[in-house]
Amino acid sequence: MKENFSKRFDLLLFIVVIVISAAGLFFVQSAFRIGPELAQEVKRQFFYMLAGVFFMVIFALIDYDNLGRLAVPISILNILLLVFVLIAGHSAKGAQRWISLGPLGTFQPSEPAKLILVIALAKILSSVKRVGYKEFWSICFTVFVPWVLIFMQPDLGTSLVLIFVAFVMLFMLGINPLFLSGVVLSGVCLAPFLLRDYQKERLFVFMNPHADISGAAWNITQSKIAVGNGGLLGKGLFMGTQTQLNFVPEHGTDFIFSVIGEEFGFVGCIIILILYLILLQRCLAVVKVAKNDFGAFVAVGIFAMLTFHVFVNIGMVLGIMPVVGLPLSFVSYGGSAIISNFIAIGILESIYSRRGRLFLM
């Protein structure tokens, strides 16, 4: 006999993402408080959040196994969108990553591309017991094609997410860690030949942040000052001088954690980190109860994706990670990212609700 769906729903997971997103609305409001764009940005973020919740519910109700059956067509669609971006995409700040949607804003295909990679890779890995020659090249093709297209935009942050997600999922399959480490080391050795000048500069100032404080190291320097200004309890909402006076660049997107640190202090940062830890713990809980390998691999991939975003974003704001341009999940301003993240949570709920028995929808 089928159980009531609400009893199988992971309520804690749902509550945590809603609380983080709701808090994010206040942070976005503070970040965009200066200028006439305040109402527009906040309204858009609220609309993105509502759309994300809607899609989360839809994907929670759909049997996640259907996503595995659609892995090939959605991967092809993903590649076509990424190619289209390179040919006729919208450019901004030296990057070509967006497709214009008119009054709705822009769509960034590289955001759902991370989730699509998780699904496609999970489909391959769940159908094999060991990685042979055929499986190895299938995995390489699945990861390498979207990685190249995203790296060419250029989008170093997202391309690193793809590598990390693939690494974690392959590790779960049981691939020798030394082999995976060798692959990563080879990529590091090739980095000087692949990275653009400004990306090399970011790595240089990460290793020596005092070399160019007023230039390449400005972002890191100002974000650390902002977080330091917050002290224990922060200066209060809308009261952060570094962020309100625009000393911290991109403080509504990549550096939004500096807003949290300055205006809500150490206590506010700890609360946000605890919420993220609960979120990641629930992801791992889904891995443990998944009824099949495909569900477990998908949950692991989503866990890896969210983990990389949270720790790298916060790390670069604190100056302990290089600046690679990654949003803070569920908090940073942007429709493509928050909707994709909510869809990921919906898929986790679908896996959780169907744990250990057949549940047809």
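1. In helix 5, the residues A71, S75, N78, L82 and V85 are buried (under 20% relative accessible area, with exposed meaning over 50% and partly exposed in between, for a 1.4 Å probe and protein chains only). They sit on the same side of helix 5, because they cover an arc of only 80 degrees around the axis (the arc is taken from the directions that run from the helix axis to the C-beta atoms). The face turned away from this buried side carries V72, L80 and I87, which are exposed.

2. This is a predicted model, in which local features need pLDDT of at least 70 and side-chain atom pairs count only at pLDDT 80 or more, while totals for chains, interfaces and linings use all residues. Residues are numbered from 1 along each chain as its sequence is written, and side-chain values use heavy atoms, without hydrogens and water.

3. Helix 5 covers residues 71-88, 18 residues in total, and reaches 26 Å from its first C-alpha to its last, close to the 26 Å expected at 1.5 Å a residue (the expected span is 1.5 Å times one less than the number of residues). Helices (H or I, at least four residues) and strands (E, at least two) are DSSP runs, numbered from the N terminus.

4. The open sheet has 3 strands in the order 1-2-3, with antiparallel pairing (two strands pair if DSSP finds at least two bridges between them). Strand 1 (90-92) and strand 3 (106-107) stand at the edges with a single partner strand each, so one side of each has no neighbour in the sheet. Strand 2 (residues 95-100) pairs with strand 3 over 2 bridges, and S100 stands opposite T106 of strand 3. Helix 5 packs on the sheet and touches strand 1, strand 2 and strand 3; its direction makes about 110 degrees with that of strand 2.

5. Helix 14 and helix 15 (residues 335-353) pack at an angle of about 145 degrees, with their axes 10 Å apart (axes are lines fitted to C-alpha atoms, for helices over the stretch in contact, and angles run from 0 to 180 degrees between N-to-C directions). The contact (heavy atoms within 4.5 Å) includes G295, V298 and A299 of helix 14 and N341, A344 and I345 of helix 15.

6. L318 belongs to helix 14 (residues 293-318). At 35% relative accessibility, L318 counts as partly exposed. Neighbours within four places in sequence aside, L318 is in contact with K224 and V227. L318 and S258 are 60 residues apart in sequence and 8.3 Å apart in space, C-alpha to C-alpha.
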